[in-house]
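This briefing goes through one protein model, topic by topic. Keep the sequence and the structure in view while reading.

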Amino acid sequence: MLAISGVHASYGNIEALRGVDIEVGAGEIVALIGANGAGKSTLLMTICGHPKAARGGISFDGHDITRRHTFEIVRLGIAHVPEGRRIFPRMTVFENLQIGATVADPAWFDEDLAQIFALFPILEQRQGQRGGTLSGGEQQMLAIARALMSRPRLLLLDEPSLGLAPLIVRQILKAIREINERQKTTVFLVEQNAHQALRLAHRGYVMQTGRIMLSGGGEELLANPEVRAAYLEGGRG
């Protein structure tokens with residue numbers, strides 16, 4: 001579904017991605033792990049067209065999206081939940097969801113809203129509340145829900161567990177699994193919580209300084225001594 005081939009991207013004179021190759025198949029959850037500054041978030045933003053890839057190519061479902069504008073990429077069926085949530089804090093929960101649905105067929109709105117409220121019941125209770133007054137975990141749920149309202153075939157998630165309490169993290173990860181299994185949405189997940197991400201994912205990649213260093217099945221990477229030493233607390237994770 002998603003094929004990234006030899007992609008380079010830069011911020012000014014700083015090369016953030018250095019020949020990245022990744023594939024995400026339809027129906028998969030694929031995790032990308034790595035330390036801060038490895039280039040993970042940059043890769044997700046490059047998929048969405050900002051920044052543009054300086055070299056290499058990105059294709060989605062047979063379409064070359066390397067040079068496409070972000071709004072065109074969204075309309076093809078890619079939704080991005082960025083790090084830090086970035087909901088509209090002065091809009092209500094319901095209004096945030098309406099914004100997410102603007103690229104989808106309005107005929108599906110009520111059905112999609114019902115699915116969102118089944119996935120995140122707290123959002124139904126909070127639908128008249130301003131987004132900025134929600135807890136951190138509720139805001140993360142809203143950010144994911146808003147993306148889902150666009151009916152994506154590929155969901156890009158950037159650090160969905162960041163800064164959240166363990167109980168909320170479990171709820172978020174459970175929701176991601178349900179999105180993948182019940183809605184058949186493909187998920188490309190960037191996470192610093194390597195243990196949780198690789199347990200959830202079918203496959204994973206390890207990024208260091210803008211390059212992919214390792215790849216394999218989720219359980220395979222969990223058992224890899226290099227991964228355990230670098231990302232799983234010296235093997236105790």
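Predicted model: local features only at pLDDT ≥ 70, side-chain atom pairs only at ≥ 80, totals over all residues.

The buried residues in question are Val93, Asn96, Leu97 and Gly100, in a helix that runs over residues 93–100. The arc they cover around the axis is only 100°, which puts them on the same side of α3.

- An α-helix has 3.6 residues a turn, so residues three or four places apart point the same way.
- Two packed helices are described by the angle between their axes and the distance between the axes.
- For α3 and α6 the angle is about 35° and the axes are 7 Å apart.
- The two helices, α3 and α6, cross in a right-handed sense.
- On the α3 side the contact is made by Val93, Asn96, Leu97 and Gly100, and on the α6 side by Leu142, Ala145 and Arg146.
- By type, the residues of this contact between α3 and α6 are four nonpolar, two polar and one charged.

**The loop between β6 and α3**

- Arginine 85 is located in the loop that connects β6 and α3.
- Its phi is positive, at about 70°, although arginine 85 is not a glycine.
- Arginine 85 has 15% relative accessibility and therefore counts as buried, the cut-off being under 20%.
- Arginine 86 is also placed in the loop between β6 (78–81) and α3.
- Arginine 86 likewise is not a glycine, yet has a positive phi of about 55°.
- With a relative accessibility of 57%, arginine 86 counts as exposed, for which the cut-off is over 50%.
- Between the C-alpha atoms of arginine 86 and isoleucine 29 the distance is 23 Å, and the two residues are 57 apart in sequence.

**Helix α1 and the residues after it**

- Helix α1 covers residues 40–47, and six of its eight residues are buried, so α1 is largely enclosed by the rest of the structure.
- The buried residues of α1 are Lys40, Thr42, Leu43, Leu44, Thr46 and Ile47.
- Threonine 42, a residue of α1, has a relative accessibility of 9% and so counts as buried.
- Residues up to four places away in sequence aside, threonine 42 touches Tyr11, Ala16, Leu17 and Pro51.
- Pro51, one of these partners of threonine 42, is in the loop between α1 and β4 (55–60).
- The peptide bond that joins histidine 50 and proline 51 is cis, with omega at about 5°.
- Glycine 49 follows α1 and has a positive phi, near 95°.

**Strand β8: leucine 189**

- Leucine 189 belongs to strand β8, which spans residues 186–190.
- The relative accessible area of leucine 189 is 0%, so this residue is buried.
- Leucine 189 and lysine 40 are 149 residues apart along the chain, while 9.7 Å separates their C-alpha atoms.
- Lysine 40 is itself among the buried residues of α1.

**The protein as a whole**

- The protein contains ten helices and ten strands.
- Its C-alpha trace spans about 45 × 40 × 30 Å along the principal axes.
- The radius of gyration is 17 Å, which agrees with the value near 18 Å that a compact globule of 237 residues would have.
- Buried residues make up 48% of the 237 in the protein.
- Among contacts with a separation of 6 or more, 65% are between residues 24 or more positions apart.

Notes
Residues numbered from 1 in each chain as written. Heavy atoms only, no water. Buried < 20%, exposed > 50% of the residue type's maximum accessible area, 1.4 Å probe, protein only. Helix = DSSP H or I, 4+ residues; strand = E, 2+ residues; numbered from the N terminus. Arc of directions from axis to C-beta. Axes fitted to C-alpha atoms, helices over the stretch in contact; angles between N-to-C directions. Left-handed = near helix turned anticlockwise from the far one by under 90°. Contact = heavy atoms within 4.5 Å. Nonpolar A, V, L, I, M, F, W, Y, C, P; charged D, E, K, R; others polar. Rg over C-alpha atoms; globule rule 2.2 N^0.38 Å.
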